[in-house]
Amino acid sequence: MQRNVKSSQYRTIEDDLVSALIKSGCIPENHGEDMKKMSFQRCARTDKGVSAAGQIVSLKVWLIEDILQKINQHLPSHIRILGLKRVTGKFNSKNRCDARTYSYMLPTFAFAHKDDTRQDETYRLSAETLEAVNDLLACYKGTHNFHNFTSQKGPKDPSAKRYIMEMLCEEPFVRDGLEFAVVKVKGQSFMMHQIRKMVGLVIAIVKGHAAKSIMEQSWGEEKVDIPKAPGLGLILERVHFESYNQRFGDDGLHEALEWAEEEEKIAAFKEQHIYPTIIKTEKEERSMMSWLETLFNHQFDSTISRLQEDTRDAKSDPEGSDGCEDNSD
């Protein structure tokens, strides 16, 4: 999503968006060079390979006639402006956002046990396995220390604690002969690679590479080796503004930042651009299949054994030891 004004090596969504705003006459050309002049702010950053179906940006524009149509005329078909709403004068889409909902679309053979012979397109997710997946995903709900789910935070960094409101895997469906499922997660905010690692750990446990106890241990201060699922399949679904809507949504001057009017457009966009891209790329590049083969390289057992050994040593030591209470059940 985020552009780098000083570098033209990589084209981003923001590059195309700012270009379209200038060409359509919504902003002066110099605002594209200094985005602070139009108070530009994206609600969430999306990394390379990650799609967005419900992103919001805030900025000051000239309200020209047929503004949406004119902006979209200068955008590629895989980038669309779906709506425009007036907000308060100092509105900042990133700071005002209460929560973000992401989805992760993956082939269901990712949940096949490592001893299962059908770890390919013939695999179909059973009700029992789906229930096991959702039991694990539900463990993420609440506030936890996710320092092991990103490379950017230490175990004592207060900002590593994140609040997860919802996380579940929906019913599977078949596309082009391959069964997929969608994991949805809603949280206040997420760190780099956090969702991919959350999904990656659940896959590792369901497949039998790691014990369920590793999840709770990962929230302690101990360093835990957690696999990062592929970026393909991750989608920014929605950004939420409940507090803003309560205060300004019906004040007569501003509109609530809700998605009801855009639902059909969003669904059509995902069907036309996002889902086909994920499916086509998965079938051609086999990113999930290739990643699953790397799970054997992760030392889950040694991590668990080391933690259990530390706990046994602490219990045998009459003086105790630092962190023994954190590692006990």
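In the predicted model, the axes of helix α4, formed by residues 127–138, and helix α5, formed by residues 194–206, cross at roughly 135° and come within 10 Å of each other. Angles over 145 degrees count as roughly antiparallel and those from 65 to 115 as roughly perpendicular; α4 and α5 are therefore oblique to each other. The handedness of the crossing between α4 and α5 is right-handed. On the α4 side, the contact is made by Thr129, Val133, Leu136 and Leu137. Val202, Ile205 and Val206 are the contacting residues of α5. Sorted by class, six residues in the contact of α4 with α5 are nonpolar and one is polar, while none is charged.

This helix pair belongs to a protein whose secondary structure comprises 11 helices and nine strands. The C-alpha trace of the protein spans about 75 × 50 × 40 Å along its principal axes. The protein has 329 residues, of which 47% are buried.

Technical notes
Residues numbered from 1 in each chain as written. Predicted model: local features only at pLDDT ≥ 70, side-chain atom pairs only at ≥ 80, totals over all residues. Heavy atoms only, no water. Axes fitted to C-alpha atoms, helices over the stretch in contact; angles between N-to-C directions. Helix = DSSP H or I, 4+ residues; strand = E, 2+ residues; numbered from the N terminus. Parallel < 35°, antiparallel > 145°, perpendicular 65-115°, else oblique. Left-handed = near helix turned anticlockwise from the far one by under 90°. Contact = heavy atoms within 4.5 Å. Nonpolar A, V, L, I, M, F, W, Y, C, P; charged D, E, K, R; others polar. Buried < 20%, exposed > 50% of the residue type's maximum accessible area, 1.4 Å probe, protein only.
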